[in-house]
Amino acid sequence: MSDVLSQEEINQLIEALMKGELKEEDLLKEEGEKKVKPYDFKRPSKFSKEQLRTFQMIHENFGRALSTYLSGRLRTFVDVEISIDQLTYEEFIRSVMIPSFIVIFTGDVFEGSAIFEMRLDLFYTILDIIMGGPGDNPPNRTPTDIETSIMRREVTNILTLLAQAWSDFQYFIPSIENIETNPQFVQIVPPNEIVLLVTASVSWGEFTSFINVCWPFSLLEPFLEKLSNRFWMMGRKPERIEERVEELKVASQSVPLTVQAVIGEAWLTLREVLNLQEGDVIRLNTHYKDEIRIDVEGKPKFRGIPGKYKGKYAVKITGEYTNGGEEE
């Protein structure tokens with residue numbers, strides 16, 4: 001309700017005072033009463049309601065993407081519900097079960113680390129199903145190195161979904177720093193620092209478990225200004241898209257490609273292939289002095305001359321293929 005009264009409300013108060021329906025002492029008493037709001041100094045609120053709403057929106061998008069991903073991996077519909085809480089880091093660590101699957105991760109734009117934690121019942125159920133098992137009766141023990149290696153790839157995919165959910169206001173490339181099973185060995189921030197805890201309730205059939213993502217305040221602080229509805233709407237400007245394109249170009253330059261030097265080709269019938277013996281000669285469609293074709297990911301890209309370099313077979317590029325594989 002607004003503190004400023006309208007003219008109609010003022011007239012009603014004056015009329016009530018004149019008729020004796022309202023006493024002046026009552027108005028003074030209400031004005032003198034102090035409005036006290038409880039404040040917990042052990043758990044101070046570091047985030048505004050607007051920032052929390054935006055954070056909720058971001059991770060609800062993550063929850064939908066996670067539901068789609070897990071439904072495909074587990075071959076059944078998986079429901080994911082997101083909730084957010086604000087607590088101290090010490091309270092979060094105390095709430096983590098021992099043992100548990102704890103992944104410490106960061107991003108290329110972050111100064112600090114965050115935590116991805118998965119309950120072991122969910123860990124072993126997902127692992128068993130993707131390996132072809134029924135996913136029943138998950139054990140309660142520390143994962144082996146092989147199990148951790150398999151699930152590390154799954155968590156990498158999930159963290160990529162998390163980064164995509166963030167991309168509308170802050171794009172980052174996630175990377176795993178370490179994996180632990182005992183929360184007491186995970187100290188990324190002081191115990192009394194405030195963290196935002198994102199809890200994803202994962203369920204299908206009669207099974208329910210949880211995934212937690214812990215965001216320390218010190219990691220989020222440089223981006224708090226962006227955690228607003230105004231910036232959320234502005235985050236889709238063309239310059240943001242151009243910035244992402246440049247970042248993707250840089251990231252794609254480290255992608256490995258298969259390069260093949262094709263000396264020549266021959267077409268044989270099945271009968272001829274079955275009758276091949278040691279010592280037979282297959283005639284190719286190229287002359288030994290001709291340039292050979294160099295394919296990149298199965299597509300013609302360059303021309304070259306075969307030879308040797310430092311005692312190994314090599315090929316020297318002499319030109320390019322253009323027009324969809326036609327030679328210049």
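Reader: How many aromatic pairs does the structure hold?
Author: This is a predicted model. Rings of Phe, Tyr and Trp pair if their centres lie within 6.5 Å. By that rule, the number of aromatic pairs in the structure is 13.

Reader: Are the rings of Phe55 and Trp215 stacked or edge-to-face?
Author: Their centres are 6.5 Å apart. Planes over 60 degrees apart count as edge-to-face. The planes of Phe55 and Trp215 stand at 90 degrees, so the pair is edge-to-face.

Reader: How many residues apart are Phe55 and Trp215?
Author: Phe55 sits in helix H3, and Trp215 sits in strand S6. The pair links distant parts of the chain. Their separation is 160 residues.

Reader: What kind of pair do Phe110 and Trp215 form?
Author: Phe110 lies in the loop between S2 and S3, 105 residues from Trp215 in strand S6. The ring centres are 6.0 Å apart. The planes are at 75 degrees, so this pair is edge-to-face.

Reader: Is Trp215 buried or exposed?
Author: Buried means under 20% relative accessible area. Trp215 has a relative accessible area of 0%, so Trp215 is buried.

Reader: Which residues do ring pairs link into a cluster?
Author: Two pairs described above share Trp215: one with Phe55, one with Phe110. Ring pairs also bring in other residues. The cluster is Phe55, Phe105, Phe110, Trp166, Phe172, Trp215 and Phe223.

Reader: How many residues of H5 are buried?
Author: H5 is mostly covered. Its buried residues include Leu120, Phe123 and Ile130. They pack against H3, S2, S3, H6, S5 and S6. Of the eleven residues in H5, the buried ones number nine.

Reader: How do H5 and H6 lie, roughly parallel or roughly perpendicular?
Author: H5 spans residues 120–130 and H6 spans residues 145–166. Their axes come within 11 Å and cross at roughly 90 degrees. Angles of 65 to 115 degrees count as roughly perpendicular. So H5 and H6 are roughly perpendicular.

Reader: How many residues in the contact of H5 with H6 are nonpolar?
Author: H5 brings Phe123, Tyr124, Ile126, Leu127 and Ile130. H6 brings Glu147, Thr148, Ile150, Met151 and Glu154. One residue is polar and two are charged, and the nonpolar ones number seven.

Reader: What is the phi of Gly132?
Author: Gly132 follows H5. Its phi is positive. The value is near 100 degrees.

Reader: Is Asn137 buried or exposed?
Author: Asn137 is in the loop between H5 and H6. Its phi is positive, near 50 degrees, and it is not a glycine. Exposed means over 50% relative accessible area. At 73%, Asn137 is exposed.

Reader: What is the relative accessible area of Arg75?
Author: Arg75 lies in the loop between helix H3 and strand S1. Its phi is positive, about 60 degrees, although Arg75 is not a glycine. Arg75 is exposed, with a relative accessible area of 61%.

Reader: Which peptide bond is cis, with omega near -5 degrees?
Author: Look in the loop between helix H4 and strand S2. Pro99 is found there. The cis bond runs from Ile98 to Pro99.

Reader: What share of the residues of the protein chain counts as buried?
Author: The chain has ten helices and eleven strands. It exposes about 21,900 Å², with 52% of that from carbon and sulfur atoms. Of its 328 residues, the buried share is 35%.

Notes
Residues are numbered from 1 along each chain as its sequence is written. This is a predicted model: local features need pLDDT of at least 70, side-chain atom pairs count only at pLDDT 80 or more; totals for chains, interfaces and linings use all residues. Side-chain values use heavy atoms; hydrogens and water are left out. Axes are lines fitted to C-alpha atoms, for helices over the stretch in contact, and angles run from 0 to 180 degrees between N-to-C directions. Helices (H or I, at least four residues) and strands (E, at least two) are DSSP runs, numbered from the N terminus. Angles under 35 degrees count as roughly parallel, over 145 as roughly antiparallel, 65 to 115 as roughly perpendicular and the rest as oblique. Contact means heavy atoms within 4.5 Å. Ala, Val, Leu, Ile, Met, Phe, Trp, Tyr, Cys and Pro count as nonpolar, Asp, Glu, Lys and Arg as charged, and the others, Gly among them, as polar. Buried means under 20% relative accessible area, exposed over 50%, partly exposed in between (1.4 Å probe, protein chains only). Accessible areas come from the Shrake-Rupley method with a 1.4 Å probe; for residues, only the protein chains shown count as cover. Rings of Phe, Tyr and Trp (its six-membered ring) pair if their centres lie within 6.5 Å; planes under 30 degrees apart count as stacked, over 60 as edge-to-face and the rest as tilted.
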